[in-house]
Amino acid sequence: MNLLTHLNKFKLNIVANALSLPDFTHHRAADDAVTCGLIMAKLMKKLEEELLQDIIEAVGDENVCEFETDLTTMDGLKNYGVMKSRIS
């Protein structure tokens, strides 16, 4: 699934600009790493929204419940694992 369909190149600085991330010093390890993390967080959020929309379209919104959990944080991932194990 391409979450950035409007891009034809996926260089770090191009993706960062497309996601309106803060300016950074490209090719500096720490800045590149932080920017990669920010990109991942933004894309995870976008993916979560698109997947939820796909689920709603497939099963109807009356059959979908939302959790107050942010899966882009470590606490959110831990809580998701707890909730998933309770549901399964």
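Trainee: Is S20 buried or exposed, and why?

Mentor: Start with the cut-off: a residue counts as exposed when over 50% of its relative area is accessible. S20 has a relative accessibility of 62%, so S20 counts as exposed. Bear in mind that this is a predicted model.

Trainee: Where is S20 placed?

Mentor: In the loop between α1 and α2. Its backbone deserves a look too. S20 is not a glycine, yet its phi is positive, about 55°.

Trainee: Which residue other than glycine has a positive phi near 75°?

Mentor: H27 does. H27 also sits in the loop between α1 and α2. At 65% relative accessibility, H27 passes the exposed cut-off and therefore counts as exposed.

Trainee: What follows α2?

Mentor: G60 follows α2. The phi of G60 is positive, near 90°.

Trainee: Step back for me. How many helices and strands does the protein chain have?

Mentor: Three helices and zero strands. Read from the N terminus, the elements run α-α-α.

Trainee: How far does α2 reach from its first C-alpha to its last?

Mentor: The idea is to set the span against what the residue count predicts. α2 covers residues 29-59. Its 31 residues reach 44 Å, close to the 45 Å expected at 1.5 Å a residue.

Trainee: Which residues of α2 are buried?

Mentor: D32, T35 and I39 are the buried residues of α2. Part of what covers them is α1.

Trainee: Take T35. Why does T35 count as buried?

Mentor: Buried means under 20% relative accessible area. T35 has a relative accessibility of 4%, so T35 counts as buried.

Trainee: What does T35 touch, leaving out residues up to four places away in sequence?

Mentor: T35 touches L12, A16, L21 and F24. Now look back from the other side of one of these pairs.

Trainee: Which residues form the largest nonpolar core?

Mentor: General idea: in soluble globular proteins, nonpolar side chains tend to be buried together. Here, the largest nonpolar core has eight residues. They are L4, L7, L12, V15, A16, L19, L21 and I39. The largest share comes from α1, with three residues.

Trainee: And L43? Where is L43 placed?

Mentor: In helix α2. L43 has 21% relative accessibility, so L43 counts as partly exposed. The buried cut-off is under 20%.

Trainee: What does L43 touch, not counting residues up to four places away in sequence?

Mentor: L3, L4 and L19. L43 and L4 are 39 residues apart in sequence, and their C-alpha atoms are 8.9 Å apart.

Trainee: How many residues separate H6 and A18 in sequence?

Mentor: Twelve places: H6 and A18 are 12 residues apart in sequence and 9.0 Å apart in space, C-alpha to C-alpha. H6 is in the segment before α1. With a relative accessible area of 56%, H6 is exposed.

Trainee: Now the whole chain. What share of the residues in the protein chain is buried?

Mentor: Buried residues make up 17% of the 88 residues. The accessible surface comes to about 6,900 Å². Carbon and sulfur atoms account for 56% of that surface.

Trainee: Among contacts between residues at least 6 apart in sequence, what share joins residues at least 24 apart?

Mentor: In this chain, 27% of them do.

Trainee: Last, confidence. What average pLDDT does the protein chain have?

Mentor: The average is 79, and 72% of the residues score at least 70. Next, go element by element. Helix α1, residues 12-18, has the highest mean pLDDT, at 96. Helix α3, residues 74-87, has the lowest, at 51. Over residues 80-84 the pLDDT is below 50.

Key:
Residues are numbered from 1 along each chain as its sequence is written. This is a predicted model: local features need pLDDT of at least 70, side-chain atom pairs count only at pLDDT 80 or more; totals for chains, interfaces and linings use all residues. Side-chain values use heavy atoms; hydrogens and water are left out. pLDDT is the predictor's confidence in each residue, from 0 to 100. Helices (H or I, at least four residues) and strands (E, at least two) are DSSP runs, numbered from the N terminus. Contact means heavy atoms within 4.5 Å. A nonpolar core is a set of buried Ala, Val, Leu, Ile, Met, Phe, Trp, Tyr and Cys residues joined through side-chain atoms within 4.5 Å. Buried means under 20% relative accessible area, exposed over 50%, partly exposed in between (1.4 Å probe, protein chains only). The expected span of a helix is 1.5 Å times one less than its number of residues. Accessible areas come from the Shrake-Rupley method with a 1.4 Å probe; for residues, only the protein chains shown count as cover.
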